[in-house]
Structure formats: C-alpha cells, structure tokens
Amino acid sequence: MGAAITLDNVSFNYDDRPILENINLTLHDDDFLGIVGPNGGGKSTLLKLILGLLEPSSGTIRVFDRAPEQARTRLGYVPQFATFDSAFPISVRDTVLQGRLGKTRSRVGYNRHDHAIAEQAMREADILDLRKHPMTALSGGQRQRVLIARALACEPEVLLLDEPTANIDPHQGETFFDLLHRLHERIAIVLISHDVGFISRSVTRVACLNRTLVCHATTPVDSESIKHLYTTPVSMVHHDTCLSAKDTP
Amino acid sequence: MTFFDAIAQHAFLQHALVGGVLASITCGIVGSFVVVRRIGYLAGGIAHAVLGGMGIAFFLGKAPLSGALISALLAAVLISFVTRRGHQQEDTIISALWAVGMATGILFIAKTPGYNVDLMSYLFGNVLMISHQDLWLIAGLDGCIVLFSLLFFKQLLALCYDPEFATLRGIHVDTLNTLLLCMVAITVVILIQIVGLILVIALLTLPAATARLYAATLLGMMFLATLIGLGITTGGLALSYTYNLPTGATMALLSGLCYLLAIMLPSRQFRTTQG
C-alpha cells in the first residue's frame, strides 16, 4: 500500500476569496474515498488541483511522487457531463477511444491495441452494445457510463469522479455502485458527491469538505459532523438498506 | 446559351467552378470544426480583419492576396491568445479587431492612387475574376488544410469535444487551438476569392451547420458539408450566370435557404435516434 496522491497544506484562493484552506490528504493506492460537502464547498476545485488543471495558492500536491501535470496521464477523470456539448456529433466508441490519447502508439488514428482496450472498457462499463450509437441518443445514465469507460480506457491507477450520480436515477445508481465496487478491486477511487447518503454505503473512507477537509476513518458519517459541515441543521435520511429509510432530525 | 454550354466555352467559368469545388472542401472540413467548436464569431473577426492587410498590400502595390494571408494569420494568432485564458473582454477585443481591420483597409484603399474597383470585389467577392494562378494557390492551401486535418484529426476532435479532457491526455490544447484558428484564417482567405469577406461566414458555417443536423460523427459531418458546399457553389454559379445575379450573394442566399429547409424538415438524425 503506497501513497498515490498527497496534499500537504494546500490552499486555493479565487480572486482573494479562499476556496480551500490547509487541505491535508493522503490517498493510498487501495482507497475508495468519498468526498462530500455542500455546493460551493470546493469539491470540484480539489479534483482540478489534483489533476493539475489549477495551481494551488500555497502548499504542495504530489501525484505518484511527481507534479500533477507530469502524472496526470496516470489518472482517470470522469467530469460532470454538463461541462460539454451534449449535441456533439460523435459516437460512443469514438468518445471512449479518446481515453487512449497520450497512450496510443499510433501516429494517426488508433491502432488495434487501442481498440481492444476501448472495447474492454466499454464491456466493463456495460455499454458495449451502445458502441455504434451517437452520444446524442443516450440517456443521462448511459452517458455517465461512457465517460467512465473513457476514463478506464486511459488505464488509470486512480479514478476521479465528479458528481457521477447527478444524472442517474436511483435504480441505475445501484448498478452504478456495483460497477465502482468491481473497479475498486484493482484501482483507487475518489468520488465526489453532494449526496451524503448515496456515497456512504460504498466507500472505505469519507472526507467532508467545506473549505476545510475533515477525514473520517470509517464509513458512517454521523449527524454531528454533517451538521457541522453544512453549518445549518439538515434533515438527514440514513439508508441502512435500500428499502428502509428512516429520518433522523 | 445555357450554363453548361457556357462552361465548355469560357475559361473564367471553368476557373470559377474549380474555385468553388476547392472552397467546398475547406468549408466542409474547417466549417465543421468552426460549428462544433462554436467559434463562428471568431471566424467573423478574422474575416473582417483581413481587409486591413489587403488594403495595405494594395496601397504598397503588392498582391492583395498575400496581404490577406498575412493579416488573416496574424488575426488568428492574436485572437487565439486573447481567448486562451478566457479573457474577460474577449468579445470586445474581437469586435475591435473586426472594425479596426476593416477601417484600416478602407482608408488604405481610398488613399491608393488611381481608380479602384477592387474594394467591392474584396467585400463581396468576384469568383468570375479568379485567375489560373489564384487556383493553384487555393489548391495548395487546400492541400495544407486536408493534410493537417488528417494528421491531427483525433487531437482536433478531442479539442473540439472536451478541451479539458484533451489537456489531461497531454495534448497541447493552446497550441492546437492556435493552429485550428490558422486553418480558419486560411479558409477565410480562400473564401474571400469566392464570396468576398462579408459573406465568408455564410459558406463557412451554413453548410456545416446543415450537415450537423444529419451527421452522427464529425467525419460524416465534414463529408456532408463538403457535398452541400459543392451544391451551393455550383448551383450559385449557375443561377448567377443564368439570371445575371451577383455570385457571392447568390451563394450566400442558397446556403441560408439550404439551412432553413434543413431545420424545418422533420426527420433529423439526432431527433430520430433520441430517446
């Protein structure tokens, strides 16, 4: 077990407004870390710092003991779907093949090895039968799986997912977490969500992020920490199983 | 004399026809990139800034086409730097370039000694005046664009689809974006010969926008847009010859009509496959 990602006293300001303050985090290569917190709490910013898309205002970030920009091809990133054009004319297979960029040995286009890996990624994400469909013909949940397959085609050592449950209805959500469970057998996962109940069933560690980061060693997030996180009392629904949910005010 | 008889007889019509075919290819390829990347406004800025370079070249007694090429590439590089980091005054700067470029061109052309008829042909094109030499230049530029698009297709596709992901996969997104805008600049210069700089945007975006309604992939969109472009340039030429109409305007109107019909027809590719 080694450290895949380490953040040491990382702060990030946007126009002098502090977004993240003194974040310390170590992600081991067998972790399944859930990061929860309110909207605007800095969750997506944290992922972008790890990916090297943003520079920290202070502190250091190491990914596989290198600077994030140098190591980011070893990470798989699943963005929120809303960030790009859903009417773009592209097939499922061509989207997934983009994961081979930066790894392919083919000068022009992709070679058979790339196609084989993309196919394996689509099989794993359970979208192989959709491979010839245009992206515009897919449902929100299917698109999410395509983006996961694209990230898997990168052959990542860590998978970072930004709000992957936003477009998925509850039933699809179940099988979605089965998929993440299976993936976790071989790679580390960081999963961001504002949906506390959804996240806490699957992950091995939960961190709460609202400008500062509070880590919890074991899964269940207690109501105190959530109240602290959201600063106002929230109505909590605790899922023991899928079917029985009870309110804890 | 019908259009087809006339083609067999007149070299200027043959040149115009070949020019239209060559322009359709770049329109299909680069126009598709422009439409999916939504940079029509940037392309408009480049097109109008070109008049500055043409005017200066004209004033200095050089070939306006070389002035056009230099100013188009300069404008492309400038715009790519301005848009690089999401500059706050991005649209203002492009508008300024647009207007200042045109004004510079008009001033230089006005101060050029002698009678000049060329201003109108720059603005609205004069496909019937294309020379043999122009055609070779256009063919060369066409070749550059086709070759570059073939070699870097997967990178360009990633840039247009999801620039953030492309960055994460190690693609130099900023450099590639500058090169894409340079392709737009070259296409603009080719199209100025055909429809003039004011109507460039019609041929650059409308065939591709029409093709997008039917195509499921970017490559399919490019092929379809090229075919539509062929129809528009050839049809526009035939109409303008038969009814004695300005060629550029006829082509631009045909493009608009084509797009309008396409969006009104019900069976569209992404409508039917949706859901």
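Let us start where the two chains meet: in this predicted model, 30 residues of chain B are in contact with 34 residues of chain A. Among the residues on the chain B side, B:K154, B:Y161 and B:R169 lose the most area to chain A, and together they account for 32% of what that side buries. How much area do chain B and chain A bury between them? The figure is about 2800 Å², and carbon and sulfur atoms carry 59% of it. If you wonder why an area is quoted here, the size of an interface is often given as the accessible area lost when the parts come together.

Next, look at what links the two sides. The rule finds two salt bridges across the interface of chain B and chain A. In a salt bridge that you can look up in the structure, the side chain of B:D162 meets that of A:R150, with 3.1 Å from N to O.

Which parts of chain B give two or more residues to the side that touches chain A? They are helix 7 (132–151), helix 8 (153–161), helix 9 (163–168), helix 12 (218–243) and helix 14 (269–272) of chain B. Helix 8 of chain B gives the most to this side, with six residues. Sorted by kind, the residues on the side of chain B that touches chain A divide into 16 nonpolar, eight polar and six charged.

Now turn to chain A as a whole. Its secondary structure comes to eight helices and eleven strands. Chain A has 249 residues, and buried residues make up 52% of them. The accessible surface of chain A comes to about 11500 Å², with 47% of that belonging to carbon and sulfur atoms.

Finally, let us go back to chain B and pick out one residue, B:H48. You will find B:H48 in helix 3 of chain B, which covers residues 40–59. Is B:H48 buried or exposed? B:H48 counts as buried because its relative accessible area is 9%, and the cut-off for buried is under 20%. Leaving out residues up to four places away in sequence, B:H48 touches B:W98, B:G101, B:M102, B:L197 and B:I198.

Note on methods:
Residues numbered from 1 in each chain as written. Chains lettered and ligands numbered in written order. Predicted model: local features only at pLDDT ≥ 70, side-chain atom pairs only at ≥ 80, totals over all residues. Heavy atoms only, no water. Helix = DSSP H or I, 4+ residues; strand = E, 2+ residues; numbered from the N terminus. Buried < 20%, exposed > 50% of the residue type's maximum accessible area, 1.4 Å probe, protein only. Areas by Shrake-Rupley, 256 points an atom, 1.4 Å probe, with all protein chains shown as cover. Contact = heavy atoms within 4.5 Å. Buried area = accessible area lost by both parts, 1.4 Å probe. Salt bridge = Lys/Arg side-chain N within 4 Å of Asp/Glu carboxyl O. Nonpolar A, V, L, I, M, F, W, Y, C, P; charged D, E, K, R; others polar.
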